[in-house]
Amino acid sequence: MWQAEHVRDRLTLLYPQCDVKIVGMTTRGDQILDRTLSKVGGKGLFVKELEVAMAEGRADLAVHCLKDMPMELPEGFAMAAVMEREDARDAFVSNDYASLDELPAGAIVGTSSLRRQALIAARYPQLVIKPLRGNLDTRLAKLDRGEYAAIILAAAGLKRLGLAERIRSLLSPETSLPAPGQGTLAIEIPERDDGLDLVALLAPLHHAHSALVSIAERKVSQVFGGSCQIPLASYATIDGDQMHLRAMVATPDGTRMISAEARGPAADAEALGAQVAELLRVQDAEGILAACLSEAAQADDDARSAELAASAAGKPVV
């Protein structure tokens, strides 16, 4: 809702003659909170209902976290604007500890991301990592009830909601490489035939620098069929006219992890993304990702078997 209100306020300032309204919606990604995204459909869960509303003419545009957007948009939709990126880093949140380094062996860390899980497991194998879903209030409440010693969240979300004081430390990209598009808002629109040029109207909200780094980052994910079932990170920065892109692929337990990086002209962002993806490919990225998908499929089969067994025994499914 903050994201929608932010865009509404920006548009109202730009076009005071327009009446900009918010159509509040709850997506499947918001509703299913007892399972990780990798097990219930992935990133598209946050997008589909909004696209239906646009296709039916109930909404003219949708505001998304770019990292939640599928790599390929459905026919009839386009990304009209990429807004200026907030802090792309992950944030360490805890009531008792100042950093991951301070956590004792066996401490429980909560995260909703396989990427964060893999990176933490590789660097801190003595910690216990458990799933964490829900909105920010829900996640923080679970921490405050003592269910976790610490949780890892996106710094951008905490800052946007005025909760920056909950951040005990920010994780550097060297410790926790961000997800493609993390900290960035994107505006999706439907194709129209009524003559209204939404791309032109939204152009003042478009941030070219943020758009370029997102192109490079998302290209890496696109090459490998990026989804919530794949622990993949990619993060680009620009210095002058040069772009530096880093990427990582791992198994969820962090036992297998590869990384690659390259520099090149920022104007050739997509080509740089493809170059880094190829550097990962020659290190057997596809083998690692195949293992991830196989593990996810096996976990799904095990869960279904458990549900069927519980149902047959007349026991409630938890």
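I began with the sheet: it is open, has three strands in the order β9-β10-β11, and pairs antiparallel. Strands here are DSSP E runs of at least two residues, helices are H or I runs of at least four, and both are numbered from the N terminus. Two strands pair if DSSP finds at least two bridges between them. β9 and β11 stand at the edges with a single partner strand each, so one side of each has no neighbour in the sheet. Neighbouring strands are turned by 10° against each other on average, direction ignored.

The model is predicted: local features need pLDDT of at least 70, side-chain atom pairs count only at pLDDT 80 or more, and totals for chains, interfaces and linings use all residues. Residues are numbered from 1 along each chain as its sequence is written, and side-chain values use heavy atoms, without hydrogens and water.

Next I checked β10 against β11: they pair antiparallel over nine bridges. Gln 242 has Pro 265 in β11 as its bridge partner. α9 packs on the sheet and touches β10 and β11 (contact: heavy atoms within 4.5 Å). The direction of α9 makes about 150° with that of β11 (axes are lines fitted to C-alpha atoms, for helices over the stretch in contact; angles run from 0 to 180 degrees between N-to-C directions).

Then I turned to the core. The largest nonpolar core has 24 residues (buried Ala, Val, Leu, Ile, Met, Phe, Trp, Tyr and Cys joined through side-chain atoms within 4.5 Å; buried means under 20% relative accessible area, 1.4 Å probe, protein chains only). α9 gives the most to this core, five residues. Val 220 is among the residues with the most contacts inside the core. I listed contacts of Val 220 beyond four places in sequence: among them are Leu 245, Val 276 and Leu 280.

Note on methods. Buried < 20%, exposed > 50% of the residue type's maximum accessible area, 1.4 Å probe, protein only.
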